[in-house]
Amino acid sequence: MKIKSIIAFMGGIILFAAGLVALIFTGNVASIIPVVIGASLSLIGFTGGRTALIIFGHTCIILGCFLVTWGIYLLPYTKPTLVHILTRPLFWGLFSIFGGICANYHGFCSCIRNNK
């Protein structure tokens with residue numbers, strides 16, 4: 001079977017791997033969300049589909065808002081190291097929100113609408 005969107009497929013694999021690394025090294029529960037988002041983005045890249053991409057974008061925005069709120073709550077307790085910042089919920093929440101916005105815009109892009 002042919003991959004419909006190589007960029008979404010590879011981006012999902014990279015996000016899945018980054019979430020696994022964060023989960024292994026920190027043990028933070030918030031790292032499960034990038035793993036799930038990366039796996040679903042890889043599946044969308046493999047199967048394609050405009051509706052799935054738009055639902056995925058909205059889900060990413062909702063999960064990102066949850067993670068940003070959690071990350072702001074944890075700000076007084078964080079150490080300012082690069083690894084600690086990149087593995088906390090605030091970073092992954094912002095990453096998820098902007099990724100969801102990108103997925104929503106791409107769902108209405110002409111390259112998706114003309115490729116039914």
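Trainee: At what angle do helix α2 and helix α3 pack, and how far apart are their axes?
Mentor: Keep in mind that this is a predicted model. The angle between α2 (residues 32-47) and α3 (residues 50-74) is about 170°, and the axes lie 11 Å apart.

Trainee: Roughly parallel or roughly antiparallel, then?
Mentor: Roughly antiparallel. The cut-off for that is an angle over 145 degrees, so about 170° qualifies.

Trainee: Which residues of α2 and α3 meet?
Mentor: From α2, you have Ile 33, Ile 37, Ser 40, Leu 41 and Ile 44. On the α3 side they meet Ala 52, Leu 53, Phe 56, Cys 60, Leu 63 and Leu 67.

Trainee: How many of those are nonpolar, polar or charged?
Mentor: The contact of α2 with α3 has 10 nonpolar residues and one polar residue. Charged residues: none.

Trainee: Let's take Leu 53. Buried or exposed?
Mentor: Leu 53, in helix α3, is buried, with 7% relative accessibility. The limit for buried is under 20%, so Leu 53 falls below it.

Trainee: What does Leu 53 touch, beyond its neighbours within four places in sequence?
Mentor: Its contacts there are Ile 44, Ala 103, His 106 and Gly 107. Ile 44 is also one of the α2 residues at the contact with α3.

Trainee: And how far is Leu 53 from Phe 108?
Mentor: In space, 9.5 Å from C-alpha to C-alpha. In sequence, they are 55 residues apart.

Trainee: What about Ile 55, buried or exposed?
Mentor: Ile 55 also sits in helix α3. Its relative accessible area is 52%, so Ile 55 counts as exposed.

Trainee: What share of residues is buried?
Mentor: Of the 116 residues, 33%. The exposed surface comes to about 7400 Å², and carbon and sulfur atoms supply 76% of that.

Trainee: Last one. What share of contacts joins residues 24 or more positions apart?
Mentor: Among contacts with a separation of 6 or more, 67%.

How values were computed
Residues are numbered from 1 along each chain as its sequence is written. This is a predicted model: local features need pLDDT of at least 70, side-chain atom pairs count only at pLDDT 80 or more; totals for chains, interfaces and linings use all residues. Side-chain values use heavy atoms; hydrogens and water are left out. Axes are lines fitted to C-alpha atoms, for helices over the stretch in contact, and angles run from 0 to 180 degrees between N-to-C directions. Helices (H or I, at least four residues) and strands (E, at least two) are DSSP runs, numbered from the N terminus. Angles under 35 degrees count as roughly parallel, over 145 as roughly antiparallel, 65 to 115 as roughly perpendicular and the rest as oblique. Contact means heavy atoms within 4.5 Å. Ala, Val, Leu, Ile, Met, Phe, Trp, Tyr, Cys and Pro count as nonpolar, Asp, Glu, Lys and Arg as charged, and the others, Gly among them, as polar. Buried means under 20% relative accessible area, exposed over 50%, partly exposed in between (1.4 Å probe, protein chains only). Accessible areas come from the Shrake-Rupley method with a 1.4 Å probe; for residues, only the protein chains shown count as cover.
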